[in-house]
Amino acid sequence: MYLDFTLKPGAHLRQPIPMSWNAFVYVLEGEGVFGSSKSSPVTAHNLLLLGSGDGLEAWNKSSKLLRFILVGGQPLGEPLVQFGPFVMNTQEEIDQTIDDFENFTNGFEKARHWRSEAAIGLDL
């Protein structure tokens, strides 16, 4: 699920999320109140992880538009391996991805001048 919401000042939203899903909210612009109407406002460029079984409630108590995305889905239950900015399922996939990145192949053709701050200090 990927939903993009824009709430006018004074608006309230209630969005169900299936119990078994993981979800998060990312605030794109404005400020909103999430979870409980008594919660502190959350401003743009902040991410909120929702707990298991939580639906989403949001309020725009400001005088400007509130825009945010809600992203959620059923967990895949697959293993995760991370190295720097790369996240795959196995060490072998990480090794292949690093090789592809270093050789500008398999989707990294335009990455010759790209640098990730997550890779700073890693010997790729």
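Predicted model: local features only at pLDDT ≥ 70, side-chain atom pairs only at ≥ 80, totals over all residues.
**Entry 1**

I number residues from 1 along each chain as its sequence is written, and the side-chain values use heavy atoms, with hydrogens and water left out.

I then found a salt bridge between Glu57 and Arg14, with the closest N and O atoms 3.3 Å apart. I take a salt bridge to be a side-chain nitrogen of Lys or Arg within 4 Å of a carboxyl oxygen of Asp or Glu. Glu57 belongs to strand E7 (residues 56-59) and Arg14 to strand E2 (residues 12-15), so the pair links distant parts of the chain, 43 residues apart. Helices (H or I, at least four residues) and strands (E, at least two) are DSSP runs, numbered from the N terminus. Arg14 is exposed, at a relative accessible area of 61%.

**Entry 2: strands around E7**

I checked the pairing of E7; two strands pair if DSSP finds at least two bridges between them. E2 and E7 are antiparallel and share four bridges. Within this region, I recorded Trp59 of E7 as the bridge partner of His12. Strand E4 (residues 31-34) also runs antiparallel to E7, joined by two bridges. There, Phe34 has Ala58 of E7 as its bridge partner.

**Entry 3: the salt bridge of Asp4**

How many salt bridges does the structure hold? I count two. Asp4 forms one with Arg67, where the closest N and O atoms lie 2.5 Å apart. Asp4 sits in strand E1 (residues 2-7) and Arg67 in strand E8 (residues 66-73), so this pair ties together parts that are 63 residues apart in sequence. I list Asp4 as partly exposed at 38% relative accessibility, and Arg67 as partly exposed at 30%.

**Entry 4: Thr97**

I located Thr97 in helix H1 (residues 91-103). Thr97 is buried, with a relative accessible area of 11%. The side chain of Thr97 reaches the backbone oxygen of Glu93 at 2.8 Å. Leaving aside neighbours within four places in sequence, I found Thr97 in contact (heavy atoms within 4.5 Å) with Phe86, Met88 and Phe108.

Terms used: Buried < 20%, exposed > 50% of the residue type's maximum accessible area, 1.4 Å probe, protein only. Polar contact = N/O pair within 3.5 Å; in protein donor to acceptor, adjacent residues only side chain to side chain.
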